[in-house]
Structure formats: structure tokens, C-alpha cells
Amino acid sequence: MEAEAFIALGGNVGDVRSTFDQAIALLCDGRAIRLKARSSDYRTPPWGVTDQPPFVNAVIEVVTSLGPHDLLARAQQCERAFGRDRAQEQRWGPRTIDIDLLAYDVAISDAELILPHPRLFERGFVLVPLAEIAPGREIDGVVIRDALARVEQTGIEKLPPR
């Protein structure tokens, strides 16, 4: 059985756009995880800890044969491959890459994973790229373009293609 999932990428250390390309290639192996859509990259103001460089954010849509927990494990394995150590970093601080599961075909809530992401509808830096690739998609009863209309988007800038 296959499921569709949305995954957010973010980072503000190093060549983030190159890191995204490499991380997406590593994550989307063409078998267990296949890339369906990729948003543009967006420069976004830092969130949470504001005294740091701007972030680059993007969202991908994938088709996967993995369950949600296995998909999360693969995303975290990919983060580690690019030097991320969640245990040693400042929450909302600088990072080479952050890979978050936003939504999966089924909702889930347990000690390890909550889907849809509990702050999905609060964050312009996630909703802007998500709305680019799936504006009419409904997640948890909310249409993405409607959610986007309700959040702050100041400072979010679409980056030109490379």
C-alpha cells in the first residue's frame, strides 16, 4: 500500500539549497519514497530564535510505501547524514537541515509522532511552499490556501531558480 506525504525542509547553515538537492536525492530513493512534487525555495525570517541568519525553506510531496514512523526514521537518518544532531542543538536555532513530516494520508498521535504536524497551520514558512504545490489540498479538514490566508507572510521571499 502506498501513501502520500508532505515533508518540509529548512536550514540556514552552509549552502542550504545544495543541501536540499542532496537530501531530497538521498531521501527519495525511487522505491520506498518517490518524489511527486517539489516547491520552490523560499528565504524566510528566522522563527523562534530570531538572532540568526534567514532560513531557506521548501516542501516536497512524496509517495511512499513506508509507514509514518518508518518515514520519520528515514527523514531523521537523512538529517544525520548532513551533520544534524538534534540532541546537541539549540531549539529553533541554526542548522544545516531540518526535515519535518507535515502530513501523511492518515492522522497519527503518539509519543514519537503527531500528524498532521501540530504547528502546520501556524507557520507561513511552511504554508507558503506547501500552497505552491498543493493549494487546494485539504489536510485535517483545512484547505491549504485558506490556512495560508490566515498566517503572517511578511519577509517570505521566493528565491529564483538556480
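Leaving aside its neighbours within four places in sequence, which residues is leucine 71 in contact with? In this predicted model, the list consists of Ala5, Ile7, Ile33, Thr64, Leu66, Leu101 and Tyr104.

The largest nonpolar core has 29 residues. Leu71 is among those with the most contacts inside this core, together with Ile7, Ile33 and Ile60. Of the elements, α1 gives the most, with 5 residues. Apart from this core lies another, made of 22 residues, including Ala103, Val126, Ala131 and Val142. In soluble globular proteins, nonpolar side chains tend to be buried together.

An α-helix has 3.6 residues a turn, so residues three or four places apart point the same way.

The next feature is the open space in the model. The largest pocket holds about 770 Å³ of space. Its lining is made up of 35 residues, and those nearest the pocket centre are Arg86, Asp98, Asp100, His117 and Arg119. Elements that contribute two or more residues to this lining are β1, β4 (55–64), α2 (68–81), β5 (98–104) and α3. Strand β5 supplies the largest share of the lining, 5 residues. By residue type, the lining divides into 19 nonpolar, 6 polar and 10 charged residues.

Turning to charged pairs, the model contains 13 salt bridges. One of them links arginine 137 with glutamate 4, whose closest N and O atoms are 3.2 Å apart. Arginine 137 sits in the loop between α3 (124–133) and β8 (138–139), while glutamate 4 belongs to strand β1 (residues 3–11), so this pair ties together parts that are 133 residues apart in sequence. Arginine 137 counts as partly exposed, at 28% relative accessibility. Glutamate 4 is also classed as partly exposed, at 23% relative accessibility.

A second salt bridge joins aspartate 21 to arginine 38, with the closest N and O atoms 3.6 Å apart. Aspartate 21 lies in helix α1 (residues 16–27) and arginine 38 in strand β2 (residues 33–38), so the parts tied together here are 17 residues apart in sequence. Aspartate 21 has a relative accessible area of 37% and is partly exposed. Arginine 38 is partly exposed as well, with a relative accessible area of 27%. Arginine 38 also meets the side chain of aspartate 41 in a salt bridge, at 3.0 Å from N to O. Aspartate 41 is buried, because its relative accessible area of 4% falls under the 20% limit. Through shared partners, salt bridges join Arg17, Asp21, Arg38, Asp41 and Arg162 into one network.

Some details of the backbone remain. Leucine 115 and proline 116 are joined by a cis peptide bond, with omega about 0°. Proline 116 is found in the loop between β7 (114–115) and α3. Aspartate 140 has a positive phi of about 55°, although it is not a glycine. This aspartate lies in the loop between β8 and β9 (142–143). At 61% relative accessibility, aspartate 140 counts as exposed.

Lastly, glycine 30 lies in the loop between α1 and β2, and it is partly exposed, with a relative accessible area of 44%. Its C-alpha atom is separated by 30 Å from that of glutamate 157, and the two residues are 127 residues apart along the chain.

Definitions and conventions
Residues numbered from 1 in each chain as written. Predicted model: local features only at pLDDT ≥ 70, side-chain atom pairs only at ≥ 80, totals over all residues. Heavy atoms only, no water. Salt bridge = Lys/Arg side-chain N within 4 Å of Asp/Glu carboxyl O. Helix = DSSP H or I, 4+ residues; strand = E, 2+ residues; numbered from the N terminus. Buried < 20%, exposed > 50% of the residue type's maximum accessible area, 1.4 Å probe, protein only. 1 Å grid on protein atoms, 1.4 Å probe; cavity = no way out; pocket = protein on both sides within 12 Å on 5 of 7 lines; lining within 4 Å. Points joined across faces, edges and corners; volume = space filled by probe spheres on them. Nonpolar A, V, L, I, M, F, W, Y, C, P; charged D, E, K, R; others polar. Core = buried A, V, L, I, M, F, W, Y, C linked by side-chain atoms within 4.5 Å. Contact = heavy atoms within 4.5 Å.
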